[in-house]
Amino acid sequence: MFLAWVLVVVTDSLALVDAVDTSVLRAFAELRSPVLTDVAEVTGVLAGGRAIHVLWLANLAVLVVFRRWHHLFVWVGVGLLVVNAGVLLTRTLQRPRPYGVEVLGDWSGYSMPSLPVTVLAAFLVSTVYALVPAGRPRTIGKAVVAGLLTLTALSRLYLAQDHPTDVLAGVVLGVALPLAAFRLLTPNDVHPVRYRRGSPAHLDVSGARGAAIVRALQDQLGLLATDVAPFGLAGSGGSTPLRIAVKSDAGPRDGADGPGADGDSYVFGKLYAATHVRSDRWFKLGRTLLYGRMEDEKPFHSVRRLVQYEDYVLRVFTDAGLPVPQPLGIVEITPEREYLLVAEFLRGAQEIGDAEIDDGVIDQGLAVVRRMWDIGAAHRDIKPANVMVRGGTLYLIDSAFAELRPSPWRQAVDLANMMLVLALRTDAERVLARARLRFSDEELAEAFAATRGLTMPSQLRRCLRADARDLHGDFLRLLPYRLPPVRIQRWSWRRAGLSLVALLGLLLAAVVLVDLLGSPL
């Protein structure tokens, strides 16, 4: 658009453009009547400053309520970019308001591009891509946006508030920037707009992504997949767990589950994408700001590293004799963007919250923690969804957050969390009696000194709140003695610096937002 205007100036065609614009505005002026003027003022209300501010705040509120953070960040970025780009262009081009025709209504500043039309177009397009699901609803939404922009443009031309080319430039700028931003930064296959319950970490595995998974499994692991379906989503918030049916004669590698219906067998897959890595990075940054770094850990910088690490930890656990699913390999779906971790599928296993528990299962759970202590490891995510039982045998799954050579504090937290998980199906007295056969009173006291709400996985906290008993308090009362609670919040120069930067960023965003809401369009 800017280049087009430069071309007009260079070719000395400005007088011709002004003449054409003026003739169009005069044609509209000849149609004026009191009734049509009232209609034009009503239809043009969307381009007013108050209406645009209401639209801005309403969208922010909806995105926050539905926790659609990626769309929210893009929405805010697009709004700031479009407003500032529009202002910069108007001040650079410095085209005056229409002359030769009486201007009805309010106006201010230069006219190229029409800033109200630019901002309105950007916000309406952003609304469609941030709030309307893809498919037929979004197609209808685009048609509605086109209709609203057409009515607004006709209103402003009738009232002579803008030249026709001003409106055209405003629509082009206001549509192009958000369209490119949302398609590039929030593609529908990665960040779909949904209103049903579910975690944004759970990716859609139908369509092109599902076909790519099937091809990659056959090419890279020699598994002929016949079905790829989500599995156990309720207990997973950082990946997309899958149950993958494979042809038995395709020879699933050792560790795959036995034949199922129709001669198929199953393997388990965890689909990771770059979005999961970014979410983990933001989560760890937020936790550092709130509590300091609670242990020696760093965020993963690529999805490839994340899936390689989990596969490695699974192999370490398997070699140590821990009851975990046997790893079967890694599959690259999209280089540096999407990877699939493939492991044994524990067919017939139940979450511990649904299984029958006896002393043997309790002993197995405690033995798992003791064995991890012996090999210098910590699981870091012991919760009901990650403790499975099949035929009286306990399995520990989901080692994505496991840590090798952890701090003693982290290992103590694993023990307390395992005891709480086991007590949900039994009682604190029974679990503590079995634990004292494997752990000293000092180790048990240290475990509960290090463990409280913050150090428990969110699912475990929910289960404890839903239980009528105070299991954590029961353990504290039953312990032979108690240690002072381990202090979790720790200040460091890194935390102080990050906190200062975050505070300055929030203040800057608030100043920009107030300035934007208070500035006339």
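Author: Contact means heavy atoms within 4.5 Å. Helices (H or I, at least four residues) and strands (E, at least two) are DSSP runs, numbered from the N terminus. This is a predicted model, in which local features need pLDDT of at least 70, side-chain atom pairs count only at pLDDT 80 or more, and totals for chains, interfaces and linings use all residues. Residues are numbered from 1 along each chain as its sequence is written, and side-chain values use heavy atoms, with hydrogens and water left out.

Reader: What covers the buried residues of α15?

Author: Buried means under 20% relative accessible area, exposed over 50%, and partly exposed in between (1.4 Å probe, protein chains only). In α15 the buried residues are L444, A445, A447, F448, A449 and A450. Their cover includes α13, α14 (428-435) and α17 (471-478).

Reader: At what angle do the axes of α13 and α15 cross?

Author: Axes are lines fitted to C-alpha atoms, for helices over the stretch in contact, and angles run from 0 to 180 degrees between N-to-C directions. Angles under 35 degrees count as roughly parallel, over 145 as roughly antiparallel, 65 to 115 as roughly perpendicular and the rest as oblique. Helix α13 (residues 408-425) and helix α15 (residues 441-450) have axes that come within 8 Å and cross at roughly 90°. The two helices are therefore roughly perpendicular. From α13, the residues W409, A412, V413, L415, A416, M419 and L420 meet E443, L444, E446, A447, F448 and A450 of α15. By class, this contact has eleven nonpolar, no polar and two charged residues; Ala, Val, Leu, Ile, Met, Phe, Trp, Tyr, Cys and Pro count as nonpolar, Asp, Glu, Lys and Arg as charged, and the others, Gly among them, as polar.

Reader: How do helix α6 and helix α7 pack?

Author: Helix α6 (residues 115-131) packs against helix α7 (residues 136-158) at an angle of about 170°, and their axes are 9 Å apart. That angle makes α6 roughly antiparallel to α7. A crossing is left-handed if the near helix is turned anticlockwise from the far one by less than a right angle, and right-handed if clockwise; the crossing of α6 and α7 is right-handed. Among the α6 residues in this contact are P116, L120 and L124, and the α7 residues include R138, V145 and R156. The contact comprises eleven nonpolar, two polar and three charged residues.

Reader: Why does E310 count as buried?

Author: E310 counts as buried because its relative accessibility is 1%. E310 lies in helix α11 (residues 303-319). Not counting residues up to four places away in sequence, E310 touches K270, Y272, L341, D398, S399 and A400.

Reader: In what order do the strands of the open sheet lie?

Author: Strands of a sheet pair through backbone hydrogen bonds, either parallel or antiparallel. Two strands pair if DSSP finds at least two bridges between them. Here an open sheet of three strands runs β6-β8-β9, with antiparallel pairing. The edge strands, β6 (350-351) and β9 (393-396), each pair on one side only. Two bridges join β6 to strand β8 (residues 387-390), and E351 stands opposite M388 in β8. Four bridges join β8 to β9, where M388 stands opposite Y395.

Reader: Which residue takes a positive phi in the hairpin of β8 and β9?

Author: G391 does, with phi near 55°, in a hairpin that has two residues between the strands.
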